[in-house]
Amino acid sequence: MQKELAFLGVNTHWCRLDQGGLKDIFVSRYLQNLQVLRVQLDFETTSELEEILEALSGFLQSISPKVCLLQVKYKPSTLCEQARYLHQSFMDRHSQVSSYIPLCVPPSPLAEQVIWASPQTCTQCIFLEGQRCGGLTGQEALDNPLLQAGVKAGGALAKDWQAPLNIELFKNTPPICYWWPEPRLTAILDPILKQHDCQTVWDVGGGNGFVAWWLKQSFTSVQRSFCIDPIAFLYEAQNGVEYYSIKSGHALELAKSGDLVSPDLIVISWPSTGLLFHDLIHELKPKVILRITDGEGVCGVRRGHRALLLSGVRAEVFGLDQAFTSLDHELDELEPPKGYALTHSNTVWCYRDFQSNADQPSGVLRVFERLDKD
């Protein structure tokens, strides 16, 4: 297994599960029971692009994952009208697949203004500079060293927080948080937190710290609430929340050395793809774990999340590194960690539900309680 492979995302980790040729990779056992499929396509000629897209098209007609994301990696040498036609034709046939064509691929919708997209020189591209293009190489904008110095906090910038959070404020752009901690959840969670005397909370990957603040404001048992996130420093600190701009692994070391109070409750909501925080849970053994994630399974670690790397010379299947304890055993964050029991499950509204006028909530909430209370 190949580990620590950055692939199709920021700070995500993948392991190779299978490899082969374009004609046989789609029968891999690791591509059965798909939930989320990410595809990265690399090509040298338009004939290669056509062959790969046709193979992928046939596969998607037989197996339909809940989510499919396709990124075609262009090079200055492959920016041509035929490539755009093939890519667009595939998108027209598979409307369920999320993909995009860089603005600099001719014939560009920018017409003569394509000069601002600098198709021969990415370093001068106004769209890459504005973080509006994934880049011809497949690098995400935030991974590009040209942009590191200019990274700013995105979303969740509102300063006037409320508990309970008013639904209209939640719908605002940018959202205060991804999911709505509506008032009914307080009545559900309060007896659980009191039963376990949850005095200290870690909101892991807490971003602006709103969830940590909400817990501190809403539950009398909570005495200290910590927001732990590498980008926490980007946000204005809120009263009652202690901010640590560090990764979870660093927080674990601080807790083990006694320099940070260990949590009674760990909250993990809308985690980055591939992050399970298994070591954190195993070492700290919190009394209660609260997980909130998207129902489609794009975030965090869910069973059936795969990535395909396709090119004219190789085809590889990847799975989320933290999901696999072995090539035959895959974890899912919606299942109880060892030593815990699932005691409550629910659905929650998330920001995109209101943006898409959804009929029902798509967020998933799970409460896990530790079985051994000693």
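**Labels and their grounds**

Modeller: Leaving aside its neighbours within four places in sequence, L310 is in contact with L22, I25, F26, V39, Q40, L41, D42, I52 and A315, where contact means heavy atoms within 4.5 Å. The model is a predicted one, in which local features need pLDDT of at least 70 and side-chain atom pairs count only at pLDDT 80 or more, whereas totals for chains, interfaces and linings use all residues. Residues are numbered from 1 along each chain as its sequence is written, and side-chain values use heavy atoms, with hydrogens and water left out.

Colleague: Which residues touch the most other members of the largest nonpolar core, and what makes a set of residues a nonpolar core?

Modeller: The term covers buried Ala, Val, Leu, Ile, Met, Phe, Trp, Tyr and Cys residues joined through side-chain atoms within 4.5 Å, and buried means under 20% relative accessible area, exposed over 50% and partly exposed in between, with a 1.4 Å probe and protein chains only. The largest such core has 46 residues, of which F26, L37, L70, L308 and L310 touch the most other members. Two or more residues each come from β1 (14-20), β2 (36-42), α1 (46-62), β3 (67-73), α2 (81-93), β10 (305-310) and β11 (315-320), and α1 gives the largest share, 6 residues. A second, separate core has 37 residues, including L165, V201, F210 and A232. In soluble globular proteins, nonpolar side chains tend to be buried together.

Colleague: What are the helices and strands in these names, and how many does the protein have?

Modeller: They are DSSP runs numbered from the N terminus, helices being H or I of at least four residues and strands E of at least two; the protein has 10 helices and 15 strands. Of its 374 residues, 51% count as buried.

Colleague: Why is the pair of W179 and W214 called edge-to-face?

Modeller: Rings of Phe, Tyr and Trp (its six-membered ring) pair if their centres lie within 6.5 Å, and planes under 30 degrees apart count as stacked, over 60 as edge-to-face and the rest as tilted. By this rule the count comes to 10 aromatic pairs. The rings of W179 and W214 have centres 5.9 Å apart and planes at 90°, so this pair is edge-to-face. The pair links distant parts of the chain, with W179 in the loop between α5 (167-170) and α6 (184-195) and W214 in helix α7 (residues 210-218), 35 residues apart. Both W179 and W214 are buried.

Colleague: What makes the pair of W214 and F219 edge-to-face?

Modeller: Their ring centres are 5.6 Å apart and their planes stand at 90°, so the pair of W214 and F219 is edge-to-face, and F219, like W214, is buried. Ring pairs also link W161, F210 and W213 into a cluster.

Colleague: Why is N357 called exposed, and where does N357 lie?

Modeller: N357 has a relative accessible area of 65%, and therefore counts as exposed. Its place is in the loop between α10 (351-355) and β15 (363-370), and N357 has a positive phi of about 55° although it is not a glycine. A111 likewise has a positive phi of about 55° without being a glycine, and A111 lies in the loop between β4 and α3.

Colleague: Which bond joins P106 and P107?

Modeller: A cis peptide bond joins P106 and P107, with omega about -5°, and P107 is in the loop between β4 (97-98) and α3 (126-129). The peptide bond from A163 to P164 is also cis, with omega near 5°.
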